[in-house]
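Subject: Structure for your review

Hello,

Please find below the structure I said I would pass on. My notes come after it.

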Amino acid sequence: MRRLLAVFISFIALCTATAPAWAQRVRVVTTFSVLADIVRNVGGDAVELTNLVGPNADAHVYEPTPADARAMARAQVVIVNGLGFEGWLDRLIAASGYRGEVLVASKSITPRMLGDHPDPHAWQNLANGQIYVSNIQRALIKAAPLYASAIRQRGERYTAALQALEQEVRDAFAKLAPEARRVVTSHDAFGYFGAAYGIEFVAPQGWSTESEASARDVARIVQQIRTQRVRALFVENITDARLIKRIQAEAGGVIGATLYSDALSAPGTSADTYIKMFRHNAQALSAALRANPLVSR
Ligand SMILES: [Zn+2]
């Protein structure tokens, strides 16, 4: 009888793109806003989501709260970026007593190494974003099999949107001269973006915002800006603008629109989803690089 019921349930699940109303939603915790948006797109109403590090907030230096530990204790799936992005994660998991699955969304991407540390900002390449989607899709289907076909459909649609955006981003940079492809940002968050779309990012601060840029790092960047005639400087939404302003005061150049590196913008604003954030960054970069009179053709 039980077997018959199981067959009947999976038959219903196969027939309907949306799961039956009585199917349990999966309680998911994500660590930061970019992941939360991807999970919402793939999971839809199969997921009851709690996100820890919100819009415009810096996950590198985040300090988890007791409410975070409580959310984690209730979770069925915890989804993290990995690659050393969430330095506070292991302590939080231990404090919460969570023993369920921890899905590393960046699993099986090819990491970019910075010395002996992987660069954690893998979502800044849309090809990696698609790997995040497929990892997340698999984990959600496993946790909520009754929603499997709906999750699969949503995942496919979202992947197609990311692929279309990839082409759009390539087009935005297609006509730039090789010497017009250099940009300064405050921390080293755009290495994957740069490698994927042919832009060279220079940053005084390393891959984490935890350690401040030294006077020597700043002097090196100022020198580089002068010799390579870099004109485009960018402030990131999660970092203090003063560092870039100081560099501009010494080296010149123009500060472009804010770039979204490690967090989305507030809900209802121009970079409040992964797709909108990526498009915003590509447009801001391409506008600033095209405006450089020293290198434009
Ligand atoms: Zn970062």
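The model is predicted.

Metal site

The zinc ion has as its protein donors His60 (NE2), His121 (NE2), His187 (NE2) and Asp262 (OD), at 1.9 to 2.0 Å. The angles among the four donor atoms run from 94 to 116°. The site counts as tetrahedral because every angle falls between 85 and 135 degrees. Along the chain, the donors of the zinc ion are spaced as H-x60-H-x65-H-x74-D.

Helix pair α2 and α5

Helix α2 covers residues 33–43 and helix α5 residues 126–143. Their axes are 10 Å apart and the packing angle is about 55°, which makes α2 oblique to α5. The crossing of α2 and α5 is right-handed. On the α2 side the contact is made by Leu35, Ile38, Val39, Val42 and Gly43, and on the α5 side by Tyr132, Val133, Ile136, Gln137 and Leu140. By class, the contact of α2 with α5 has eight nonpolar residues, two polar and no charged ones.

Helix pair α8 and α9

Helix α8 (residues 215–228) packs against helix α9 (residues 242–251) at about 50°, with 10 Å between the axes. The two helices α8 and α9 are therefore oblique to each other. The crossing of α8 and α9 is right-handed. From α8, the residues Val218, Ile221, Val222, Ile225 and Arg226 meet Leu243, Arg246, Ile247, Glu250 and Ala251 of α9. The contact of α8 with α9 has seven nonpolar residues, three charged and no polar ones.

Backbone angles

Most residues other than glycine have a negative phi. Which value does phi of Leu83 take? For Leu83, phi is near 60°, a positive value in a residue other than glycine. Leu83 is in the loop between β3 (77–80) and α4 (89–96). Arg229 also has a positive phi, near 55°, and is likewise a residue other than glycine. The loop that holds Arg229 runs between α8 and β9 (232–233).

Regards

Methods: Residues are numbered from 1 along each chain as its sequence is written. This is a predicted model: local features need pLDDT of at least 70, side-chain atom pairs count only at pLDDT 80 or more; totals for chains, interfaces and linings use all residues. Side-chain values use heavy atoms; hydrogens and water are left out. Axes are lines fitted to C-alpha atoms, for helices over the stretch in contact, and angles run from 0 to 180 degrees between N-to-C directions. Helices (H or I, at least four residues) and strands (E, at least two) are DSSP runs, numbered from the N terminus. Angles under 35 degrees count as roughly parallel, over 145 as roughly antiparallel, 65 to 115 as roughly perpendicular and the rest as oblique. A crossing is left-handed if the near helix is turned anticlockwise from the far one by less than a right angle, and right-handed if clockwise. Contact means heavy atoms within 4.5 Å. Ala, Val, Leu, Ile, Met, Phe, Trp, Tyr, Cys and Pro count as nonpolar, Asp, Glu, Lys and Arg as charged, and the others, Gly among them, as polar. Donors are N, O and S atoms within 2.8 Å of the metal (3.2 Å for Na, K and Ca); water is not among the atoms, so sites may look incomplete. Four donors count as tetrahedral if all angles lie between 85 and 135 degrees; four count as square planar and six as octahedral if opposite donors are over 155 degrees apart and all others between 65 and 115; anything else is irregular.
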